[in-house]
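Work through the exercises below with the sequence and the coordinates at hand. Each task is followed by a worked solution.

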Amino acid sequence: MQQSAIFLLTDRPDRSAALETLIRTIGPCEVFATGEDRAVRAAPRAVVSDLTLSRREAVNRVRALVPHGKAATIPLLCLLRSTSDQDLRMARDLGATVCFPAYTAPHIVVQALLDQIASPESDSVAEPVLRGISQATEVLTGLFDGVRDGGTIDLPSVDAGLDPILSAVREGGLTRWLETVWTHDDATYQHCLLVAGVAAQFVLHLGFRAEDREHFVRAALLHDVGKARIPREILNKPGRLDADETAIMRRHPVIGYDILKESGCDVATLGAVRHHHEMLDGSGYPDGLVGAEISDTVRLLTICDIYAALTERRSYKPPMPARDAIAILEGMTGKLEMGLVRHFGDAMIAA
């Protein structure tokens, strides 16, 4: 039987795009834009309203899809531009089962949606991914905020986020992890989560022991922590950096190394954070390491980092297809270890 769709009602489809992408990880989604006159073929599984409820046409649109008396059987989540008593009363009158401020992160909205629709199939697949993303994001937020203010890193809190990442990729699949991470609006957090997910897929494919898997994913999650002390205007600049900005950005591996050293981090993770931009031919930075000077952990992490950078989405560039990114890695002979690149390509294609 075909699963009924979740309806997303929006007066700004561009603003709702991240939420739409995440909803599609748990089931079919139909988007209804304001003013769009389209027939409804079947009752929705649930309705998410990203509308300005002070507008009469928005209210009428919701009423048309959640008829009076059906609110108990059709979950309605309302994202409110204002949480005034009037707006909350209007949402309740429409049959809202959950209300959130409009700025609520998409993964929180979808977690609430999962709780509302209570589908065993969607719970079993999407729940691990959402839980992993939520916990890893919480770790990264605390980590970056603390470091930005001059603090050190609470390594036990980082370690607590590792198993949820591995479980999310193992149970939900790398594709769902990537699609969910791509909805994150902070480019640095997004990149760290992408690298961590790709790293988890790689070591699961290679059959690493549990302890070694967690150790590698920890290095992936922490690899860019030095960026917490790089000016935001450089981190978030769309397009290429100029020479001076590039020089500042290239300081982040050493900054991250110094921060982690103060936190009592292990030698292997310290090396991965400092050296993830090194290349086997000595053309990398910050130390220009060559060949055997580069550890196995770094060789693995560098491949994951480059792949994530190529395939991630940015406002100024579309994501590169996986096979194209793998082809670029395969063309980096002399810079990357080709045996590991081949295993990595197999892991990504398998995902």
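**Exercise 1.** Which residues in α7 meet which residues in α8? Then classify the packing of the two helices.

Solution. The model is a predicted one.

Step 1: on the α7 side the residues are I165, A168, V169 and G172, and they meet L174, R176 and W177 of α8.

Step 2: sorted by class, this contact holds five nonpolar residues, one polar and one charged.

Step 3: two packed helices are described by the angle between their axes and the distance between the axes. For α7 (residues 162-172) and α8 (residues 174-181), the angle is about 120 degrees and the axes are 6 Å apart.

**Exercise 2.** Classify the ring pair F7 and F32, and the ring pair F144 and Y189.

Solution. 

Step 1: the structure holds four aromatic pairs.

Step 2: the ring centres of F7 and F32 are 4.8 Å apart with planes at 55 degrees, so this pair is tilted. F7 belongs to strand β1 and F32 to strand β2, so the pair ties together parts 25 residues apart in sequence. F7 and F32 are both buried.

Step 3: F144 and Y189 have ring centres 5.3 Å apart and planes at 65 degrees, so their pair is edge-to-face. Because F144 lies in helix α5 and Y189 in helix α9, the pair ties together parts that are 45 residues apart in sequence. F144 and Y189 are buried.

**Exercise 3.** Which residues do ring pairs link into a cluster, and where does the charged end of R274 sit?

Solution. 

Step 1: the cluster consists of F202, Y307 and F344.

Step 2: the charged end of R274 is over the ring of Y257, 4.9 Å from the ring centre.

Definitions and conventions: Residues numbered from 1 in each chain as written. Predicted model: local features only at pLDDT ≥ 70, side-chain atom pairs only at ≥ 80, totals over all residues. Heavy atoms only, no water. Axes fitted to C-alpha atoms, helices over the stretch in contact; angles between N-to-C directions. Helix = DSSP H or I, 4+ residues; strand = E, 2+ residues; numbered from the N terminus. Contact = heavy atoms within 4.5 Å. Nonpolar A, V, L, I, M, F, W, Y, C, P; charged D, E, K, R; others polar. Phe/Tyr/Trp six-rings, centres within 6.5 Å; stacked < 30°, edge-to-face > 60°. Buried < 20%, exposed > 50% of the residue type's maximum accessible area, 1.4 Å probe, protein only. Lys NZ or Arg CZ within 6 Å of the ring centre and 35° of its normal.
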